[in-house]
Amino acid sequence: MQDELNGIYQTASRLLGEHLALWAESLHDGHRDDEQALAVLQALLTVRGALAPLLDDDGDTGHD
C-alpha cells in the first residue's frame with residue numbers, strides 16, 4: 001500500500017509541475033483563465049497535502 005501512496009504522490013507532484021508550466025505559458029501568451037487554473041492548482045495541492053502525512057521517509061523524494 002505504501003508504494004501505491006508514494007506513486008500517487010509522485011504523480012500529483014508531476015502533474016502539479018506540468019500544470020504550473022502550462023499556466024505560466026498561458027499567462028505569457030496572454031490567455032487567462034485564472035479561476036480554472038487556481039481550481040486545478042488547489043486540487044493538486046490538496047491531494048499532495050492529504051497524502052504527505054501517510055508517506056514514509058522515502059516517498060517525498062522530490063524534496064530530499
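**Around His19**

Modeller: Let's start with His19, which is buried, at a relative accessible area of 14% (buried is under 20%, exposed over 50% and partly exposed in between, using a 1.4 Å probe and protein chains only). Bear in mind that this is a predicted model, where local features need pLDDT of at least 70 and side-chain atom pairs pLDDT 80 or more, while totals for chains, interfaces and linings use all residues. Numbering runs from 1 along each chain as its sequence is written, and side-chain values use heavy atoms, with hydrogens and water left out.

His19 sits in helix H1 (helices are DSSP runs of H or I, at least four residues, strands are runs of E, at least two, and both are numbered from the N terminus). The side chain of His19 reaches the backbone oxygen of Ala37, at 2.9 Å. Setting aside residues up to four places away in sequence, His19 touches Ala37, Val40, Leu41 and Leu44 (contact means heavy atoms within 4.5 Å).

Stepping back to the helix pair, H1 (residues 2-28) and H2 (residues 34-51) pack at about 160°, with their axes 9 Å apart (axes are lines fitted to C-alpha atoms over the stretch in contact, and angles between N-to-C directions run from 0 to 180 degrees). That angle makes H1 roughly antiparallel to H2 (under 35 degrees is roughly parallel, over 145 roughly antiparallel, 65 to 115 roughly perpendicular, the rest oblique). On the H1 side, the residues making the contact include Ala12, Ser13, His19 and Trp23, and on the H2 side they include Ala37, Leu41, Leu44 and Arg48. By class, the contact of H1 with H2 has 17 nonpolar, two polar and two charged residues (Ala, Val, Leu, Ile, Met, Phe, Trp, Tyr, Cys and Pro are nonpolar, Asp, Glu, Lys and Arg charged, and the others, Gly among them, polar).

Now for Trp23, another H1 residue. Trp23 is buried as well, with a relative accessible area of 17%. Leaving out neighbours within four places in sequence, Trp23 is in contact with Asp34, Ala37, Leu38 and Leu41. Ala37 and Leu41 also turn up among the residues that His19 touches. Between the C-alpha atoms of Trp23 and Gln36, 13 residues apart in sequence, the gap is 10.0 Å.

From Gly17 to Leu44 the C-alpha separation is 9.9 Å, across 27 residues of chain.

Beyond residues up to four places away, Ala12 touches Leu44, Val47 and Arg48. Ala12 and Leu51 are 39 residues apart along the chain, with C-alpha atoms 9.8 Å from each other.

Arg48 belongs to H2 and counts as buried, at 15% relative accessibility. The Arg48 side chain makes a polar contact with the side chain of Ser13, at 2.6 Å (an N or O pair within 3.5 Å, one able to donate a hydrogen and the other to accept it, with sequence-adjacent residues counted only if both atoms are side-chain atoms).

As for the whole chain, it has two helices and zero strands. Of its 64 residues, 22% count as buried. Among contacts with a separation of 6 or more, residues 24 or more positions apart account for 71%.
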